[in-house]
Amino acid sequence: MTDGPATPDLKTPAVEFRGVNKWFGTAHVLREVSLTVAKSERLVICGPSGSGKSTLIRCVNGLEPFASGTIRVAGHDLTPARLPAVRRAVGMVFQHFNLFAHLTVLENCTLAPIHGRGIGRRAAEARARDELERLAVADLADRMPGQLSGGQQQRVAIARALCLDPAVMLFDEPTSALDPEMVQEVLDALTDLAGCGMTLLCVTHEMGFARRVADRVVFMDAGQIVEVAPPEAFFDRPEHPRTREFLARLL
Amino acid sequence: MTIVRETLLPPAPPPRRTGGPVGWLRTNLFSGPGNTLTTLVILAGLALLLPPVFRFLVTDAVWSGGAGEACRPEVAGRPVGACWAFIGAKINYLVYGSYPAAERWRPNLFFGLVALSAVWMLWLDAPRRGLGAVFVFLVGPLLSYGLLAGTPVLALAPVATSLWGGILVTLVVSLVGIVAALPLGILLALGRRSDLPVLRYACIGFIEFWRGVPLITVLFMANVMLPLFLPGDLTVDRLVRPLVGIALFASAYMAEVVRGGLQAIPAGQGRAALALGLTRVQALRLVILPQALKVVVPGIVNTLIGLFKDTTLVSIVGIADFIRVLEAARADPRWSAPTIPATAYAFAALFYLAVCFSMARYAAFIERRLAAGERGRA
């Protein structure tokens with residue numbers, strides 16, 4: 001870890017879920033989810049596939065609607081009217097990178113600042129180059145996404161999100177689509193980011209990363225939060241039988 | 001038992017291919033009995049077909065002469081193929097129809113505008129392509145209409161559309177179809193994927209109606225029935241009526257092509273755009289559509305080729321398009337000779353072939369270029 005871990009500011013919640021429910025057809029995929037994420041907290045969400053963890057973080061920036069309950073993000077209630085304000089505060093990185101295939105790496109990073117925020121092209125490009133530099137992909141600025149390795153694409157995707165100064169970053173299984181030899185470079189980038197005081201919500205199966213970086217680990221199963229604990233307690237003394245079963249299968 | 005390699009192999013050059021034209025022939029044309037037989041059958045077919053075609057179009061053709069006599073075998077004293085002298089004598093009529101001779105600079109300027117627009121849009125690295133799109137889809141059509149039909153604004157005398165004809169009309173009909181069908185088709189395709197049921201079903205209904213009706217029915221409807229539905233004092237120009245029909249007809253097909261492209265773009269692209277704070281309209285305009293349209297360039301060109309050839313149907317409702325003026329020209333008694341009809345149709349075939357083949361080649365070029373630009377797209 002680069003810096004000493006910034007301590008989460010427990011008095012200011014960055015993201016708050018209260019009694020969130022969601023259904024896909026008849027499947028009840030989020031059941032009464034309540035959770036408060038503090039400002040600067042690094043939260044890792046894990047659980048078996050289909051447990052609702054990706055759906056949960058997609059709700060944070062309104063990519064998925066939810067049926068009942070409330071979500072507050074950076075002081076804004078998540079309503080259609082406040083959605084633009086929420087999305088300004090939240091950055092997101094996807095499992096499949098989702099770089100815009102028809103734009104160069106640099107254009108990927110400047111598209112939203114220029115067209116969404118009205119930042120001038122010069123300033124947007126300068127900022128984008130800084131962020132690409134920070135993620136060690138500055139030399140790829142003029143390439144097309146299809147010419148990059150998975151790890152490089154994911155680092156570009158992180159840079160693209162950072163160009164918008166998000167207060168909260170969502171990571172939806174950022175290493176699951178990568179070849180094993182590229183997982184580490186992305187995890188290293190995430191670890192660097194974790195030292196910067198940004199609020200992170202990360203869905204991942206990388207338990208080593210969770211242990212090193214997370215302030216708290218959330219375990220979800222069948223649409224519910226089953227256990228929330230600091231990493232030492234979570235990995236060494238899991239309480240719920242489901243958690244134990246999950247960890248036993250993983251390790 | 002373990003195996004450990006002690007020295008790593010350096011890369012070796014690929015094995016030499018059996019070189020020379022003989023080697024090429026052997027591997028590509030005569031590699032086995034089936035392959036050899038196929039080659040021979042096709043060669044025999046070509047040997048039967050090509051010499052007569054070449055004789056008709058070139059060696060036996062009559063290239064000059066002031067009247068039909070030159071193309072009569074008994075006058076020429078030899079077998080006569082295509083009578084190109086006839087095309088030469090009629091070329092102005094074939095290009096402009098009955099457009100007044102003194103005003104023919106106007107269609108010529110229009111052809112120039114079309115060429116400029118085509119280069120601006122089709123040359124992908126052309127400067128200011130955004131401005132070009134505005135020109136092609138907005139300024140160009142208005143300017144062209146003023147130019148051809150005449151307008152006091154440009155101090156041009158009016159020329160009734162009934163005088164327009166030939167390649168000019170074919171070009172006008174096709175271009176109106178193309179220029180209207182692309183944007184309309186995009187809107188319809190987006191509408192068909194809308195979350196609003198009313199909009200969605202309206203678009204589905206529109207598309208399925210126009211796709212379900214033969215173009216010729218559309219043209220007859222436009223010509224015969226539309227005036228019945230309109231108030232008596234409102235007359236729509238007889239060239240405009242089929243134009244509207246063709247534009248709507250083509251837009252339905254275009255919508256389905258574009259929808260295919262929209263479906264080919266992974267949902268993650270739109271999600272990423274929204275997550276970055278772009279609005280839905282921005283996500284469409286900046287992320288989804290540019291990619292979707294690139295994917296369907298072959299389909300779009302295919303539709304445009306079909307549209308271009310379908311415009312010949314307007315001759316049935318009395319529009320003097322290229323085919324119709326060709327028919328009129330070959331009925332000229334001064335040019336009655338046995339091969340005149342064949343010459344006329346051969347000329348038409350060559351004209352349509354040249355245009356459609358160019359479009360197809362352009363599409364192939366775009367495809368190759370896109371394949372190079374987005375290699376290994378995930």
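This is a predicted model: local features need pLDDT of at least 70, side-chain atom pairs count only at pLDDT 80 or more; totals for chains, interfaces and linings use all residues.
Residues are numbered from 1 along each chain as its sequence is written, chains are lettered from A in the order in which they are written, and side-chain values use heavy atoms, with hydrogens and water left out.

**Exercise 1. The nonpolar patch**

Task: find which element gives the largest share of the nonpolar patch on the surface.

Solution: 
- Start with the members: Trp24(B), Leu25(B), Phe30(B), Leu40(B), Ile42(B), Leu43(B), Leu46(B), Leu49(B), Leu50(B) and Val53(B).
- Patch residues have over 30% relative accessible area and no salt bridge, and nonpolar side chains (Val, Leu, Ile, Met, Phe, Trp, Tyr) are joined within 5 Å.
- Together the members have about 920 Å² of accessible area (Shrake-Rupley method, 1.4 Å probe).
- Helix 1 (20-28) and helix 2 (33-59) of chain B each give two or more residues. Helices here are DSSP runs (H or I, at least four residues), and strands are runs of E, at least two.
- Helix 2 of chain B gives the largest share, seven residues.
- Take one member from that helix: Leu50(B). Leu50(B) is partly exposed because its relative accessible area is 48%, and partly exposed lies between buried (under 20%) and exposed (over 50%).

**Exercise 2. The second largest pocket**

Task: describe the lining of the second largest pocket by element and by residue class.

Solution: 
- The volume is about 850 Å³. A pocket is an open set of points on a 1 Å grid, with protein on both sides within 12 Å along at least five of seven lines; lining residues have an atom within 4 Å of a point.
- Of the 25 lining residues, Asp195(B), Leu274(B), Arg280(B), Leu284(B) and Ile288(B) are the closest to the centre.
- Both chains contribute elements: helix 2 (83-89) of chain A, and helix 7 (166-192), helix 11 (267-275) and helix 12 (280-295) of chain B, each supply at least two residues.
- Helix 12 of chain B gives the most, seven residues.
- By class, the lining has 14 nonpolar, four polar and seven charged residues.

**Exercise 3. The largest cavity**

Task: locate the largest cavity and state what lines it.

Solution: 
- The whole structure holds one cavity of 30 Å³ or more. A cavity is a set of points where a 1.4 Å probe fits but cannot get out.
- The largest cavity has about 40 Å³ of space.
- Its lining is Arg42(A), Leu43(A), Val44(A), Leu200(A), Cys202(A), Phe209(A), Val213(A) and Ala214(A).
- Strand 3 (42-46), strand 8 (199-203) and helix 7 (207-213) of chain A each give two or more residues.
- Strand 3 of chain A gives the largest share, three residues.
- Seven lining residues are nonpolar, none polar and one charged.

Definitions and conventions: Patches are made of residues with over 30% relative accessible area and no salt bridge: like charges are joined within 9 Å, nonpolar side chains (Val, Leu, Ile, Met, Phe, Trp, Tyr) within 5 Å. A salt bridge is a side-chain nitrogen of Lys or Arg within 4 Å of a carboxyl oxygen of Asp or Glu. Buried means under 20% relative accessible area, exposed over 50%, partly exposed in between (1.4 Å probe, protein chains only). Grid points are joined across faces, edges and corners, and a volume is the space filled by probe spheres set on the points. Ala, Val, Leu, Ile, Met, Phe, Trp, Tyr, Cys and Pro count as nonpolar, Asp, Glu, Lys and Arg as charged, and the others, Gly among them, as polar.
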